[in-house]
Amino acid sequence: MRRRQKAYGPWEAIDPVTGDTVDDKKNYTTKAIIFQTLPEDILLQVAKHRDVKDVWESIQVRYLGANRVQKARLQTLRSELEILKMKENETINEFPGTISAVMAKFKSLGARLEEEVIVRKFLNSMPNKYLPIVAPIEQYSDLEVMSFEEVVGRLKAYEERLTSHDEKDETQGQLLLTNGEHEDRNYGRGRGRGRGFGRGERGRGRGSGRGDKSGFRFYECGAFGHFANELIKWKDKEK
């Protein structure tokens, strides 16, 4: 509202130079601009004032509060900022918005938070997974001159690196699981080590009884289709 007045209306009607008088035209013009920005319930409360200066002071008391109320609100905001912590499921894009909202509240009450205070608060609010990047920033960077946007950018880059690393691990884990399941299925179909089979290798067929020997290979001769107790026949045939 103050910016609108300075841009379009005679601000001196609200804050006149000491000793100057405000003519009616400026007074009513400025009141009209203010009334256009007010909701109906507030408009009905301040419309009773004749001078725009009284209208302005009435709005300030309502929204900003008297001195004592304003100090109480600032103390509440400081407590709110002190306990503020980033949640585990929050991202670096989301949490700075929460801090910026508190900063805006301070500004609306006529106070200002130093950049260094905001930077330190932001770093202290990070979850444990960000400690590998927070510690170097605190040790090797000059926090007195570092901007809030810069520290957010550094942590954002680190978060993207973490996300990329986690996605690679998840993909590799899925590949290993898929390969393991595939091997287990093949092993279940070709299992051929049983009683009386001797030192034969795993078979490739689906049969596991003595009736079907096509899926079993005896490792000494490398041939399929016979068991260990038939080895003597193979040796006799060789002779």
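Reply: Searching the whole structure turns up three aromatic pairs; rings of Phe, Tyr and Trp (its six-membered ring) pair if their centres lie within 6.5 Å, with planes under 30 degrees apart called stacked, over 60 edge-to-face and the rest tilted. One of them is F122 with F148, edge-to-face at 5.5 Å centre to centre and 85 degrees between the planes. This pair links distant parts of the chain, with F122 in helix α7 (residues 115-124) and F148 in helix α9 (residues 148-189), 26 residues apart; helices are DSSP runs (H or I, at least four residues), numbered from the N terminus. Bear in mind that this is a predicted model, where local features need pLDDT of at least 70, side-chain atom pairs count only at pLDDT 80 or more, and totals for chains, interfaces and linings use all residues. Residues are numbered from 1 along each chain as its sequence is written, and side-chain values use heavy atoms, leaving out hydrogens and water.

Both F122 and F148 are buried, meaning under 20% relative accessible area (1.4 Å probe, protein chains only). Next come Y130 and Y158: their ring centres are 6.2 Å apart and their planes at 55 degrees, so that pair is tilted. It also links distant parts of the chain, as Y130 is in the loop between α7 and α8 (131-140) and Y158 is in helix α9, 28 residues apart. Y130 and Y158 are both buried too. Back with the Phe rings, ring pairs join F95, F122 and F148 into a cluster.

Note on methods. Helices (H or I, at least four residues) and strands (E, at least two) are DSSP runs, numbered from the N terminus. Buried means under 20% relative accessible area, exposed over 50%, partly exposed in between (1.4 Å probe, protein chains only).
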